[in-house]
Every structure is written in C-alpha cells, then in structure tokens.
Amino acid sequence: MATTAPAPATPNDLLGVTKTLDLLAPRWSVWVLMTVSSQPLRYAEFKPRLPWLADGQLHPRLRHLTNAGVIERTEYAPRHVTYGLTNRGAALLPVLGVIASWGDTYLEKKLVANKDTGEMEPERIAPAQNIDDAVALIVPRHATPILFSLQSRGTATAKMLAAEAMPGYGLTAVYKPLERLVADGLVTASGTGGYQLTGSGQALAPVFEAISAWATAPAPESDARRPRGPGAAPSQTRTGPWATTPTRLPAPAVPAAPTARPALTTTPPDSPAWKSGDLFSHQMPARPISPAGGPRR
C-alpha cells in the first residue's frame, strides 16, 4: 500500500513551528510547564518539584511562559499568587507528548543494568528531558526550514536548500546548519551531492504537524476574553503563541492546600528524574537502541 506523503508546508506552518520552538527552547521551560500541568502552584511549591532550580532560574521561566500565554499568574492577595495553565497551555500538553515520544524513540540512550535482573537495557529518560533534547536539535536557526524543505522535496542540493530555506543568504551559509543536522543524525548526504532526511528526520513529520496545528489554532474563548496589558499584542493571524497579562481575583474563602504528590522526584536532572506516569496519561515505554545508534543527545 502506498504511503501518503505529508502535505506541503505553508509559510504559516513554518512560522508557527519556529515560534513554538522558541517558546519551548529556553532550558527548564518545559519542566516548569509540565510541573503545573496537574494543578496551579504557588511560587514556593515549585521548590520541592524542581529542587535544582535557583530563584534566578525559576522566575524568568515563569515570566517567559506567562508572557507567551501558556501559564497564567493569578494574584489573590499580595502574598498569595498562583501559576497555572491557561487553556492554551493545556492544549499544548498533547503536543509535548508527541515530542517526548519522538525523543524516546529516536534519540540515543546509554545501556544500563536493570536493578532487578542485571541485564543491560536502554536507560529510561524523563519525558521532559526527551522534549528538551529533541527541541535542542531542531531549534537552531535555519534547522527547521531546511528540514521542512527536505520533507517536501525528498532530496535536494545545497544550492536548492540555500534558495528555499535561507533566502537572502549566500550558498556557503547553508553548509554549517547542514553539517550540524548531518552530525545530529537528522539529515544524510547522498553520494551525488544531494541531501535527504534520515529515518529519524522523516519521523519528525508528526512532531511538526502537531506543533503547527497548535500554533495556528484560534485562541480559546476564555483565554481571549482575558484583559491584556502593555505587553506584545496577540498575533492577528493566529500563527504562534501570544501574551496574556496577570489577573487579580478575590482570595478564595478557604485556600485549599495542595495534596497532589510532587510531579518530580528530587533526583538531579542529569539522571532520569521525571516519573513518566505522573504528567502524561500513558507511560512512555523504553525502546531498544537501533543498530545505527540514533540521533545524538
């Protein structure tokens, strides 16, 4: 049975994907976003969940995600402020699941001994780490336009890619991002002077489609009704994330103390820290390393 080729990407698709990647790319942004995926949290409640983050790292991430419209800062009183997902942020969670699944499948993993059996098996990687590592491969400048061009063309020369993915740049400028994509295992050079996607590069198509669908979707009504301040205005073409401003609400009669278990263990981020069942509705299965090794982290 013939495989249906993905639909050609439009300029809005590419713009929406690059804007969303810029939203997710700053380190720890995904971890913060997923930490509030189950319930709003006060600032101090992030500490036991993200213990390795200093105040100087956490506050800029919260501000970044709030300005992007995926987290809402709600002030009940001067010392009672919570951070929770907007509807727009909640709609992003399934997209994060698609990215995490790609990373779990295609990014290289070390072999570690199973504590129970002693057998060597691929290490388990936190979904948030898979997302961070996957985004780091495709967020560099010109990487996504080149991947989009190769997805559409199949095979292309450097000259074609320079003209299509990097208009306004000379031919020589395309080689550095191409070399990086080849080194990362997403693109391969053919013997005839052309370039094409590897299997893992081709498998990014559902990732880009999910990101594009989220980026170009209209704002949920409840988010659109929120008052906006002097920050950046929302995109009129609905091609990317937009800003919302903090709201002030009357304090609840009896503020409920959070009872949910921490989303993260206190394991340092260099080790598998995210409990995969805590933040996604399904468990991310470990997969064997392919003989080729997969794209590097």
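## A glycine after a helix

Which residue just after H6 takes a positive phi? The residue is Gly 154, with a phi of about 90 degrees. Keep in mind as you look around that this is a predicted model.

## The three-stranded sheet

Let's turn to the sheet. Three strands form an open sheet in the order S6-S8-S7, and their pairing is antiparallel. At the edges lie strand S6 (155–157) and strand S7 (187–189), each of which pairs on one side only. From one strand to the next, the twist averages 35 degrees.

Now for the pairs themselves. S6 and strand S8 (residues 194–197) run antiparallel and are joined by 3 bridges. Ala 156 has Tyr 195 in S8 as its bridge partner, while the partner of Thr 157 is Gly 194, also in S8. On the other pairing, S7 and S8 are linked in the antiparallel sense over 3 bridges. Here Ala 189 stands opposite Tyr 195 in S8.

Is H6 mostly covered or mostly open? H6 is mostly covered, with 8 of its 11 residues buried. The buried residues are Ala 143, Thr 144, Pro 145, Ile 146, Leu 147, Phe 148, Ser 149 and Leu 150.

The protein chain averages a pLDDT of 77, and 70% of the residues score at least 70. Confidence is highest in helix H4 (residues 87–106), at 96, and lowest in strand S9 (residues 247–248), at a mean of 32.

Two stretches call for care. Over residues 1–6 the pLDDT stays under 50, and the model has 2 contacts for them beyond four places in sequence. Over residues 227–292 the pLDDT is below 50 as well, and this stretch has 140 contacts in the model beyond near neighbours in sequence. Where pLDDT is low, the predicted coordinates should not be read in detail.

Methods
Residues are numbered from 1 along each chain as its sequence is written. This is a predicted model: local features need pLDDT of at least 70, side-chain atom pairs count only at pLDDT 80 or more; totals for chains, interfaces and linings use all residues. Side-chain values use heavy atoms; hydrogens and water are left out. Two strands pair if DSSP finds at least two bridges between them. Helices (H or I, at least four residues) and strands (E, at least two) are DSSP runs, numbered from the N terminus. Axes are lines fitted to C-alpha atoms, for helices over the stretch in contact, and angles run from 0 to 180 degrees between N-to-C directions. Buried means under 20% relative accessible area, exposed over 50%, partly exposed in between (1.4 Å probe, protein chains only). pLDDT is the predictor's confidence in each residue, from 0 to 100. Contact means heavy atoms within 4.5 Å.
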